[in-house]
Amino acid sequence: MAASDQFYQPGDVLYEGKPFMRVIKKDMWGKICSCCFSRHYESRLKFCKACGIMKYCGKDCQKTDWQYHKFECGVLRRCCDNSWPNFSQLLGNIILKINKRNWKTISEKVLNENVSFDDFQISKQVREENSPEHFSYSVFASNVKTLLIAYIGEENVPDEIQFSDLLGKVLSNHVLCRQDISASIYIG
Ligand SMILES: [Zn+2]
Ligand SMILES: [Zn+2]
């Protein structure tokens, strides 16, 4: 059937993607399974042996979540960001995942098209707030940078131009989900 002949009903799932990165709200750490967010068996959730911070229902959830948790497992204890939505943690995990590669080379296939991390647009509002004369935004950006340095180490924080581009992209495109339990960024 040609695409133009297709009709969709409200609620139809057109595309389902997995996040490029996700973080769990700090006050939920260890209280829910970090993969499926289950809290039914809180007492039966098992700690990740490496960090002793995140908990999982079992091996399957831990294995599935490792694609995200592997970037934060070794540095979670240093995360001093208590602000919702743990923005500097999300940014830090993304930087560790990009790992000094060129953003343009980082892409995911979405409906047969390669979408690059670099394709993220910065919203007009963030762009205006990013203007040099916008005082509160620059205070916010500098707070994020301080938290980021504490979290992933100064050697991993990109230079000022890249940092501010990345900050704008993530700020414009991250989503909060599941009753504000987590914050994620999707390329597709
Ligand atoms: Zn689970
Ligand atoms: Zn861990």
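A strand, as the word is used in this tour, is a DSSP run of E with at least two residues, and strands are numbered from the N terminus. The model on display is a predicted one.

Select S116, which lies in strand β5. Is this residue buried, exposed or partly exposed? There are 14 other C-beta atoms within 10 Å of S116. A residue counts as buried at 20 or more such atoms and as exposed at 12 or fewer, so S116 is partly exposed.

Next, display the residues that S116 touches, leaving aside those up to four places away in sequence: W103, K104, I106 and S107. S116 and K169 are 53 residues apart along the chain, and their C-alpha atoms are separated by 12 Å.

The hairpin has 2 residues between its strands, and L111 takes a positive phi near 45°.

Now select the three strands of the open sheet, whose order is β1-β7-β6 and whose pairing is antiparallel. Which strands stand at the edges? They are β1 (21–24) and β6 (175–177); each has a single partner strand, so one side of each is left without a neighbour in the sheet. From one strand to the next, the twist averages 25°.

Focus on β6 and on β7, which spans residues 182–185. The two strands run antiparallel and are joined by 3 bridges. To find one bridge partner, select L176 and look across to A183 in β7. While the strands are in view, a general rule may be recalled: in a regular strand the side chains alternate between the two faces of the sheet.

Finally, select residues 87–98, helix α2, together with residues 160–173, helix α5. How do the axes of these helices cross? They come within 11 Å and cross at roughly 120°; α2 and α5 are therefore oblique to each other. The crossing is right-handed.

Show the side chains of L90, L91 and I94 in α2, which meet L166, L167 and V170 in α5. The residues of this contact comprise 6 nonpolar, no polar and no charged.

Conventions. Residues numbered from 1 in each chain as written. Chains lettered and ligands numbered in written order. Predicted model: local features only at pLDDT ≥ 70, side-chain atom pairs only at ≥ 80, totals over all residues. Pairing = 2+ DSSP bridges. Helix = DSSP H or I, 4+ residues; strand = E, 2+ residues; numbered from the N terminus. Axes fitted to C-alpha atoms, helices over the stretch in contact; angles between N-to-C directions. Parallel < 35°, antiparallel > 145°, perpendicular 65-115°, else oblique. Left-handed = near helix turned anticlockwise from the far one by under 90°. Contact = placed C-beta atoms within 7 Å. Nonpolar A, V, L, I, M, F, W, Y, C, P; charged D, E, K, R; others polar.
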